[in-house]
Amino acid sequence: MKENIEEIYSKVKKAAQKSGRNFSDITILGVTKTVDVDRIKIAVENGIDTLGENKVQEFLTKYDTLKNVNWHFIGHLQTNKVKYIIDKVKMIHSVDSEKLAIEINDKAEKIGIVMDILLEINVAEEDTKYGLKLHEVYNFIEKISFLSNIKVKGLMTIAPFTNDLEENRTFFEKLRKLFIDIKDKKNDNIDMKYLSMGMTNDYEIAIEEGSNIIRIGTGIFGKR
Ligand SMILES: *Cc1c(COP(=O)(O)O)cnc(C)c1O
């Protein structure tokens, strides 16, 4: 695992340089689904201090023994489960409905925090994936703008699983353009800071196209 992580570090460095940024500008989020706690700890010891889970139940079991890391929630989230994670995660990557945004806002208000969220965008408009379509984003931002216990910190996407990485580059590029466009407009409830895109298969390209959070499972922990 140490070697896996070192390889990722060196590729992230190169990709960051290519896009005129530093290694330290990029967060490498370790995706821990199906990985047991002992192996997660090894990744943490090797510098992976931000972790992500996509299932609430699995997250809660792991959180119990691994509290001193930055947990992000990265998967589809049902509104009735928000209450279990609201006080445990630093950011929710996968907000794609008004109902979910309202619920997160409600629960955050109850415990007196402002939750950082990313909007999940289905750039390729795949039927099998969750997320807002690109053209829906402005309308969505408008609708949630009055919710003062959530803060939109950026955008997230899961690109198609493909061997055609250049095609994914076009999706990443589209999302970066939208990201910059929103950032330039300045809006109270929005602080465009993070672009969460790129997984084991395509993170180098994602970084070249402006990503600053990559979500890596297989590349760190091996095949699931
Ligand atoms: C599983 C998962 C990843 C990581 O996928 P790998 O290809 O194993 O790196 C990233 N993001 C989300 C939302 C996931 O569910």
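What radius of gyration would a compact globule with 224 residues have, and what does the chain have?

**Figure 1. Overall size and make-up of the chain.** A compact globule of 224 residues would have a radius of gyration near 17 Å, and the chain agrees because its value is 17 Å. The radius is taken over C-alpha atoms, and the globule rule is 2.2 Å times the number of residues to the power 0.38. This is a predicted model, in which local features need pLDDT of at least 70 and side-chain atom pairs count only at pLDDT 80 or more, while totals for chains, interfaces and linings use all residues. Residues are numbered from 1 along each chain as its sequence is written, and side-chain values use heavy atoms, with hydrogens and water left out. Along the principal axes, the C-alpha atoms fill a box of roughly 45 × 40 × 30 Å. The chain has nine helices and eight strands (DSSP runs numbered from the N terminus: H or I of at least four residues for helices, E of at least two for strands). Of the 224 residues, 47% are buried (under 20% relative accessible area; exposed is over 50%, partly exposed in between; 1.4 Å probe, protein chains only).

Figure 2. Helix α6 spans residues 137-144, and its buried residues are V137, F140, I141 and I144. These residues are on the same side of α6 because they cover an arc of only 100° around the axis (the arc of the directions from the helix axis to the C-beta atoms). Their cover includes the strands β4 (91-95), β5 (115-120), β6 (150-156) and β7 (190-196). The helices α5 (98-111) and α7 (165-185) are also part of this cover.

**Figure 3. T200 in its loop.** T200 sits in the loop between β7 and α8 (203-208). Its relative accessible area is 30%, so T200 counts as partly exposed. Leaving out residues up to four places away in sequence, T200 touches R215, I216, G217, T218 and G219 (contact means heavy atoms within 4.5 Å). From C-alpha to C-alpha, T200 and E126 are 19 Å apart in space, and they are 74 residues apart in sequence.

**Figure 4. Two loop residues with positive phi.** Most residues other than glycine have a negative phi. T34, not a glycine, has a positive phi of about 65°. T34 belongs to the loop between β1 (27-31) and α2 (37-45), and T34 counts as exposed because its relative accessibility is 56%. E125, also not a glycine, has a positive phi of about 55°. The loop between β5 and α6 holds E125, which is partly exposed at a relative accessible area of 41%.
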